Amino acid sequence: MMLKLMDSIKEGFCKDIIKTYTVNKNETYIEVSNEAVKRLCMFIYKNIECSLINLFANDEREVNDGFSVYYSFAAKKEGELITVKTTISDTSVIIPSVTLEIPAANLYEREIRDMMGIVFEGHPDMREFVFHENWPWDLHPLQKDFSASRKPPFENRRQDFVRIEGSGVFEIPVGPVHAGIIEPGHFRFSVAGEPVINLEAKLFYVHKGIEKLCEEKHFEKVFFMSERISGDESFSNSLAYCQAIERIAGIYDVPERAAYARTIFCELERLYNHIGDIAGICLDVAYIFANGQFAMMRRWCQMLNEELTGSRFLRSVNFPGGVRREFIKDKEKIVLPAMDRLEKEFSETVDIIKSNAMFIDRVENTGVVSHTLAVELNSVGPAARAAGVHDDARVNFPYAAYDKIKFEVPNHNNGDVNCRMNTKIEEVAQSISIIRQAVELMPSSGGIIEPVESLEPYKHAFGITEAPRGENCHWVMSGENNKIFRYKVRTPSFCNWPVLCHAVKGNIIPDFPLINKSFNLSYSGNDL
Amino acid sequence: MFQGIVKIVVQLIITAALAPLVSGIIKKLKARVQHRKGASVFQGYFDLLKLFKKDVVVSHNASWIFTATPYIYFVSILAASLFVPAIPQLFSFGFIGDAVLVVYLIAIGRFFMALSGMDTGSTFTGMGSSREMMISALIEPSMMLVLFTVGLNPLVGSLSFQAIYKGFAAPGWGFVSPSYLLLLISMLIIVIAETARIPVDDPSTHLELTMVHEAMLLEYSGRHLALMEISASIKQLLLITVICNVFIPFGSNAGVIQALGLYVLKVLVISGVIAVIEINSVKLRLFSVPNHAALAFILAVLGFMSSFVFGR
């Protein structure tokens with residue numbers, strides 16, 4: 001199918017294509033002129049079953065005289081990545097926006113406007129997105145001539161939310177400081193009585209400048225940054241980074257023991273996250289018994305993490321090329337009984353909550369995400385799988401040892417809180433089974449790391465993993481002297497925040513915390 | 001006259017001493033179910049002491065209603081509690097003051113609390129006020145009907161709590177009848193809704209968007225908050241006392257010490273029952289609360305009808 005597509009692209013766009021090349025087995029890049037970029041994106045989006053998984057800009061003025069914009073499409077069923085690239089000499093050159101045709105592009109284009117200064121013409125909503133009212137409107141931190149240590153002057157602009165007008169419509173501002181111990185984010189509800197008409201989330205209160213800080217740093221140092229993108233997804237994020245670095249270095253298969261170890265840790269991370277999410281759902285409907293149970297099981301998982309690696313959040317386990325130490329060796333006697341105990345307690349508690357009619361009444365038909373919405377906004381992870389989008393990066397882009405392990409990807413169709421919860425419940429069972437298989441299949445001897453010595457400059461690669469919250473898509477471009485030239489991070493939370501805002505519409509205000517918890521998105525992972 | 005004052009003082013002391021304990025016991029039981037140790041059952045007293053020592057912060061936009069409400073609420077609930085004493089010996093007002101007065105003393109407090117919620121213009125407190133008013137409009141008729149039906153019982157024949165206590169206090173099981181059982185269940189539902197407990201409201205939630213009772217208090221601090229909190233726990237004790245003395249009247253005509261002991265025991269048992277209900281249920285969807293309230297009302301109506309059919 002890819003060949004057919006490439007042939008028809010070459011035929012239809014022969015005048016506009018500058019060059020095409022394929023790297024790292026499945027990454028196809030098509031360089032195209034500015035005028036044709038929108039047409040080509042539309043052509044790919046319409047002709048094959050694919051989704052826009054990333055859209056980013058890169059300041060390549062040192063390398064090829066201009067800014068490049070990359071549109072990455074993933075044909076998930078085939079496991080292929082097609083990236084359309086266009087280069088503009090200056091930020092004053094205008095690129096047409098694709099948002100109206102490809103809704104998933106909306107936030108990426110706004111992000112690029114803020115961070116890189118490239119304006120997309122015809123975008124329906126070019127308000128500031130990453131920037132807050134105190135940041136200068138025309139200071140773009142990801143441009144190479146902006147120094148990360150520079151302190152910009154304070155500005156005081158007015159920032160507007162989408163205004164819903166009508167009699168009896170009120171705005172409820174919530175946050176950025178919340179009553180619980182959670183990350184900051186401002187939510188602006190427009191309500192008529194209890195039902196929500198519109199919700200706009202204003203995020204980026206914890207913007208740390210990770211992408212900027214990673215530039216011009218040695219790739220081994222950037223690894224530690226990647227672990228800190230989002231606290232409870234340390235392993236998935238660092239694994240996505242490591243995979244990108246390994247692909248740049250030409251390592252497509254890490255030693256087998258390392259691959260199995262990575263699989264086990266990925267699933268351990270998924271376990272404690274999913275169980276924590278279910279505990280959160282129970283807490284938000286004041287089901288304290290179930291909350292206590294699941295919170296206890298989450299701690300069991302984290303205690304197991306600590307026993308195996310010394311870190312409850314699985315930090316400093318990965319390393320480009322493999323894993324740091326023999327974490328799993330002779331630990332089967334700890335892992336397997338822990339899984340048995342967890343499986344028993346988990347399934348018993350799940351039986352109890354599923355037979356509680358009051359609980360099911362709360363979660364059923366609350367916060368419905370339609371299949372169309374999930375597809376158009378490129379929703380990922382359990383939220384998408386609950387709405388009938390049967391995608392999982394572990395299957396579509398197999399990494400670590402997932403191609404050698406049997407597991408099922410749950411699929412639900414209703415898209416409500418109940419489906420998201422059931423997806424997570426079923427994934428917990430699958431994770432336990434994956435961990436058991438991986439422990440069994442893991443070869444008893446062999447290396448655990450194939451160190452990456454050096455990186456060729458100006459090569460790039462994607463690193464895709466399935467984090468607990470969904471598909472993680474990192475893109476790394478190496479620079480000179482083993483440094484990183486550009487590190488683009490796109491976490492699942494970035495994709496799912498707009499989905500959450502849509503899911504809330506039509507529900508009542510007191511159901512928002514429950515819907516929010518069923519997504520349980522990361523603020524830090526979104527704000528970077 | 002002097003005797004009356006002593007009775008009032010004793011009743012106030014009992015109420016103030018016992019009220020925070022009830023909340024503490026419920027919290028402790030809930031904590032044990034969550035595999036937590038939980039705070040001491042006396043933590044409520046320490047919290048109140050701490051709050052009384054703290055400064056009060058009042059919004060610039062608040063009117064006198066905001067500052068007056070804690071006192072009005074406290075006094076109205078405390079006054080109501082005098083008409084529903086712990087033991088019959090503590091009636092101090094004779095036959096003055098019946099069930100209607102008690103229900104409306106509680107309503108005065110609630111009215112001012114809802115006003116104060118809207119007074120500061122904060123979004124959360126306003127939402128709390130509107131929700132509280134919705135719930136109370138649904139629950140109040142059931143409460144009136146339950147108390148009226150009890151008053152209609154031939155053993156009682158009056159709406160005065162003193163007559164109700166006296167009518168049911170006869171030894172034996174004379175008070176048990178079909179209507180009695182229906183009313184007891186209805187009253188339990190009413191108590192849970194009135195005291196802002198799961199499944200109607202969640203007293204321990206941190207989610208400002210789902211709160212009802214707690215949302216109205218969000219703007220209060222210091223001694224104002226302490227007064228609001230202690231009033232809420234006194235109201236809870238008051239409603240539990242109604243159940244204790246009207247529906248479980250054993251031993252209320254015994255000697256003072258024995259009756260008091262039994263009363264405390266009954267309060268503890270009912271706190272346990274409320275905790276068990278909280279542990280096993282989930283907070284209702286806000287728009288399902290009317291169904292819950294309708295259940296209380298239907299039970300009350302059935303109790304009312306059956307008291308006619310069976311004559312008691």
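Guide: The contact between chain A and chain B takes 26 residues from chain A and 23 residues from chain B, two residues being in contact if their C-beta atoms, placed from the backbone, lie within 7 Å. This is a predicted model, where local features need pLDDT of at least 70, side-chain atom pairs count only at pLDDT 80 or more, and totals for chains, interfaces and linings use all residues. Residues are numbered from 1 along each chain as its sequence is written, while chains are lettered from A and ligands numbered from 1 in the order in which they are written.

Visitor: Which element gives the most to the side of chain A that touches chain B?
Guide: H9(A), with five residues. Strand S8 (169-174), H11 and H17 of chain A, like helix H9 (288-309), each supply at least two. Helices (H or I, at least four residues) and strands (E, at least two) are DSSP runs, numbered from the N terminus.

Visitor: Is H17(A) buried or exposed?
Guide: Eight of the eight residues of H17(A), residues 512-519, are buried, so the helix is largely enclosed by the rest of the structure. A residue is buried if 20 or more other C-beta atoms lie within 10 Å of its own, exposed if 12 or fewer, and partly exposed in between.

Visitor: What do those buried residues pack against?
Guide: Helices of chain A, among them H8 (256-284), H15 (417-441) and H16 (492-504). After H17(A) comes Asn520(A), whose phi is positive, near 45°.

Visitor: How do H8(A) and H15(A) cross?
Guide: Their axes come within 9 Å and cross at roughly 150°. Axes are lines fitted to C-alpha atoms, for helices over the stretch in contact, and angles run from 0 to 180 degrees between N-to-C directions. H8(A) and H15(A) are therefore roughly antiparallel to each other; angles under 35 degrees count as roughly parallel, over 145 as roughly antiparallel, 65 to 115 as roughly perpendicular and the rest as oblique.

Visitor: Different topic. Where does Glu227(A) lie?
Guide: In helix H6 of chain A, which covers residues 219-227. Glu227(A) is buried, with 23 other C-beta atoms within 10 Å.

Visitor: What is Glu227(A) in contact with?
Guide: Leaving aside neighbours within four places in sequence, Glu227(A) is in contact with Ser234(A), Asn237(A), Ser238(A) and Arg315(A).

Visitor: And how far is Ile102(A) from Glu227(A)?
Guide: Their C-alpha atoms are separated by 31 Å, and the two residues are 125 residues apart along the chain.
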